[in-house]
Amino acid sequence: MQHLNKIPKSWYIACPANHLSRYPVKFELFSKNMIGFRTKDHKIVFIDEKNFNSTIIKALEYKHVLNSKIRLLDRIFRKRIDEQTAADLDRLDVSCDKKYFVQESYGYIWIWNDDRPPLFAVPTYPTKNMTSYYSTGFSFYDVTKASVRRITENSFDYAHLTYLHGLESKNEIQVEVKDYSEKNIGESLVEPDYSFGAKLKWTEYTGVLGIVTNILGLNCEHFELDINNWPSGQVVTLYEDGVPKYELLLSTSPINQDTTVQHIKVMFAKTSSYLLRDLYYSMLSSLQIKLTSDQDMPIFKDISETENPIYVSYDDVVIKYRNYFEKMCEN
Amino acid sequence: MSEYPKSWYVAAKACDLKIGKIEELSLFNKSYIIYRTTNDEVAIFEKYCPHMGAALSLGKIIDDCIQCPFHHWSYDREGTCVNIPSLDRIPSKAKLKKIFSREMYGLIWIWYGDEPLFELPAFNAALEFKNNYLPLRSKNFMQGSLRQVLENSYNCAQFIGLHGIKPSSKLTITNLDEYRDRSLKSCPEIDEVARYGVVIDCPNLELDFVSSLFGIKGSHLSIVVDGWPSGQFITSYLDGKELYQVMLGVQPIDRDTLIQHVHVMTKKCDNLLTDWFNYLFYALQNRYGTSQKTLADQTSKSEDMPLLTGIDLGVMEFSKFYSYWTREE
């Protein structure tokens, strides 16, 4: 698969923030080997391995971020670096002029995939749609073989909600592509030129999903997914009968030509004065989100980038998204 | 030039396919899916859906059609898209590339290329004349290019060097324009356009100790190789009497790995005991001979600049024949 030939300049997730300590960690990202660490001032530094001091490289035993077992052990037996190496690393931070632009936000380390300064800031999350929310959310990641484009376009591929995820509703899903240049300008999470968005609306769940959600008390009359996308990720807000329920942050780590990590983080809105009610809702919704993601995973773990895909009428938003993505790759 | 000659290749063993169960295959460096329909027909396609690229191996077989797991597009056994849920009109381009297949000799064969240019060769010893033979099947994993493996049978010198055949006089190889023995009813049949044959004669043969032990007697060994661009029939005669026929079919996994399917039919005589004695002997001989070849294929390196001599007539002619079938139209 050659999907990494094209990824737009954007903010990608290097790793969850708690995976990075003073002790340098080796990463593979954008098909490059790089090393990340924190300085004594807790500043985050990411440098290509080739620019890293070879004597320090030899002195360190790297951990790969994707290996969760090693990471767990690493957290338990976190290594300390000697003073000399620490001083070398701090000096490297000052002396090396080929560092990546990085930022720590929302529990992740974000990295900009270009030498030049970022074209836009790390998107805001949760958005202003969530006026009140619980500070603890839940997050997970999955390693896939899909491209950044495929992972991010999935939300706009509304037909798959019906056929893969079994979404049955009273009426067909209605889709509206957002025009950030006019009335929705305030909704874009980054500069409008780098944004793409859509609203998916459907009514009450029916069929098996309707029965299950009715029993669990999760069905309602109107559902709306408000998707605000930047070139490498998106925030999806779910409204139930006009009330925001949760916001899902989806972003990507393009590791190499065959691997992209999908990161998901969800924050739940405070919708009632009863904590238990919100807790019940958030538990069931978390389960639903994880199950939905798990349904996508077999597809994402074995997918081919079709050269000349055959489109049908319900691929209209995907086509628009692909045009947007292509344009972002040209920036 | 195409990497593989246009021809018939082995895709799978027929017994591995169950009705309605999707199997994945690696062939020609690509991924395929294969399944058996309720009519006992075989359907084989490239693995990914032309719509959004999902793996069809994750799909389901419904009414003999394969349904993509992603958007539930269904394709019939010809590869034509027959259903896209919630759409009335199916785009004419919505189809999977049809791959021609045949089920014969307990194997699934597929044609590499657009449409078959010749029929699947007939191994008559395993068809209408099978009662005159004792069958034996085996398969060998091999490292090496397809050409290297195929040209082995035309390599006269290897019979002396590798397999240890000891002729007292010179071993000869002759091109066969016609089948050697038209009187042999069980003679294998290959479409004339796709056939390259040789006969290797070993006069004044000195049989080794093991052959003598098995009571094999004779002095003139003839080996007839009837090949098509991706396989061969080998018929062996001792003093003009047919000993056995072998079909070699090839399953190319990738550029350097392939599976050779060997189907040996040992000729019966009137004596049951002798039949089983011969069966055991030729089975062992074929097994041992193939393992020697496998070893040689695994250790041989470049095929670009071979040093050929007169005895390599078969290899030289086969090389031209092979190149002809790999040409692009």
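Colleague: In which helix of chain A is A:V212 found?

Modeller: First, the ground rules: this is a predicted model, local features need pLDDT of at least 70, side-chain atom pairs count only at pLDDT 80 or more, and totals for chains, interfaces and linings use all residues. Residues are numbered from 1 along each chain as its sequence is written, chains are lettered from A and ligands numbered from 1 in the order in which they are written, and side-chain values use heavy atoms, without hydrogens and water. Helices are DSSP runs of H or I with at least four residues, strands are E runs of at least two, and both are numbered from the N terminus. By that numbering, A:V212 is found in helix 6.

Colleague: Does A:V212 count as buried, partly exposed or exposed?

Modeller: Buried means under 20% relative accessible area, exposed over 50%, and partly exposed in between (1.4 Å probe, protein chains only). A:V212 has 39% relative accessibility, so this residue counts as partly exposed.

Colleague: Which element gives the largest share of the nonpolar patch?

Modeller: The patch consists of A:V208, A:I211, A:V212, A:I215, A:L216 and A:Y280, with about 580 Å² of accessible area together. Patch residues have over 30% relative accessible area and no salt bridge; like charges are joined within 9 Å, nonpolar side chains (Val, Leu, Ile, Met, Phe, Trp, Tyr) within 5 Å. Areas come from the Shrake-Rupley method with a 1.4 Å probe, and for residues only the protein chains shown count as cover. Five residues come from one element of chain A, helix 6 (residues 207–216).

Colleague: How many aromatic pairs are there over all chains?

Modeller: Rings of Phe, Tyr and Trp (its six-membered ring) pair if their centres lie within 6.5 Å; planes under 30 degrees apart are stacked, over 60 edge-to-face, the rest tilted. By this rule the count is 42.

Colleague: What is the geometry of the pair B:Y4 and B:Y112?

Modeller: The centres are 5.5 Å apart and the planes make 70°, which is edge-to-face. The pair links distant parts of the chain: B:Y4 is in the segment before strand 1 (7–13) of chain B, and B:Y112 is in strand 10 (residues 107–112), 108 residues apart. B:Y4 is buried at 4%. B:Y112 is partly exposed, at 22%.

Colleague: And what is the angle between the planes of B:F123 and B:F233?

Modeller: B:F123 is buried at 0% relative accessible area, and B:F233 is buried at 1%. Their rings are stacked, 5.2 Å centre to centre, with a plane angle of 20°.

Colleague: How far apart are the closest N and O atoms of A:R116 and A:D114?

Modeller: A salt bridge is a side-chain nitrogen of Lys or Arg within 4 Å of a carboxyl oxygen of Asp or Glu. A:R116 is exposed, at 54%, whereas A:D114 is buried, at 17%. They form a salt bridge with a closest N and O distance of 3.2 Å.

Colleague: Why are A:E153 and A:R149 separated by about one helical turn?

Modeller: Their salt bridge has closest N and O atoms 3.7 Å apart. Both residues are buried. The separation is about one helical turn because they are four residues apart in helix 4 (residues 148–153) of chain A.
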